[in-house]
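Please look through the structure shown here.

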Amino acid sequence: MSLGALSGPLDGTSNYEQTMDTYVGDDKPGKVIVIAAGNSGGDKVHASGQVGQGQTLGTTFQVGSQTRAVIAEVWYSGSDRMDFQLVDPNSNTTDWVTAGNEVEGAYPSGTQVGVYCENPNPNNGDMQIFFVLVGPGNDGAVTTGTYRFDLRGQTIANGRFDAWIRNAE
């Protein structure tokens, strides 16, 4: 299979991954599922890092010309609590968003932004932050340049995060 997906916790606990597990195993000899190991190997779609208690850590990513949307997920341990904000290339920021909350709006450039900080994922207990940038109008492009997302450690036991960022052109 070639799934082409960079969404979900990517740790074997998503509903899709658990369903695939039902088709193979010790009780089903001779069955195997083979999935492509990543067609985006050369793309810069993953970021990770470590946030400390009381620390704010910024992670940058590029948005190229003619990008109509950016979709991203940030995952971190359910034992941690981190706040999130998104900064555009002109240093405009969203409000800080905490677990269980969201913010939607637009930057002065017209680029639409939504940040959704979910409660713990029911499958694995980890925290998910989902954000999206969409160009203005039906065919507008997201503002080109360097964006940054900031994570602020409120309660940290682990501190590691992983992010997957996808551009849609």
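Leaving aside neighbours within four places in sequence, F149 is in contact with L57, G58, T59, F61, V74, F84, Q85, L86, F131, F161, A163 and I165; contact means heavy atoms within 4.5 Å. The model is a predicted one, in which local features need pLDDT of at least 70, side-chain atom pairs count only at pLDDT 80 or more, and totals for chains, interfaces and linings use all residues. Residues are numbered from 1 along each chain as its sequence is written, and side-chain values use heavy atoms, with hydrogens and water left out.

How buried is F149? F149 has a relative accessible area of 0% and is therefore buried. Buried stands for under 20% relative accessible area, exposed for over 50%, and partly exposed for values in between, with a 1.4 Å probe and protein chains only.

F149 also belongs to the largest nonpolar core, which has 27 residues; F61, F84 and F149 are those with the most contacts inside it. A nonpolar core is a set of buried Ala, Val, Leu, Ile, Met, Phe, Trp, Tyr and Cys residues joined through side-chain atoms within 4.5 Å. At least two residues of this core come from each of strand 2 (56-63), strand 3 (69-76), strand 4 (81-87), strand 6 (112-117), strand 7 (127-134), strand 8 and strand 9. In soluble globular proteins, nonpolar side chains tend to be buried together.

Strand 4 can be taken next. Of its 7 residues, 6 are buried, so strand 4 is largely enclosed by the rest of the structure. Strand 4 pairs with strand 8 in the antiparallel sense over 7 bridges; two strands pair if DSSP finds at least two bridges between them. L86 stands opposite F149 in strand 8.

The aromatic rings come next. The structure holds 7 aromatic pairs. Rings of Phe, Tyr and Trp (its six-membered ring) pair if their centres lie within 6.5 Å; planes under 30 degrees apart count as stacked, over 60 as edge-to-face and the rest as tilted. F84 and F149 form a stacked pair, 5.7 Å centre to centre with 20° between the planes. This pair links distant parts of the chain, with F84 in strand 4 and F149 in strand 8, 65 residues apart. F84 is buried, with a relative accessible area of 0%. Y116 and F130 form a tilted pair, at 6.1 Å centre to centre and 35° between the planes. Y116, at 17% relative accessible area, is buried, whereas F130, at 26% relative accessibility, counts as partly exposed. One aromatic cluster is formed by F61, F84, F131, Y147, F149 and F161.

G159 is found in the loop between strand 8 (145-155) and strand 9 (160-168). Its relative accessibility is 0%, so G159 counts as buried. Not counting residues up to four places away in sequence, G159 touches G49, Q50, V51, D80 and M82. The C-alpha atoms of G159 and M82 are separated by 8.8 Å, and the two residues are 77 residues apart along the chain.

Finally, the whole chain. The chain has 1 helix and 9 strands; helices (H or I, at least four residues) and strands (E, at least two) are DSSP runs, numbered from the N terminus. Buried residues make up 37% of the 169 residues in the chain. Among contacts between residues at least 6 apart in sequence, 69% join residues at least 24 apart.
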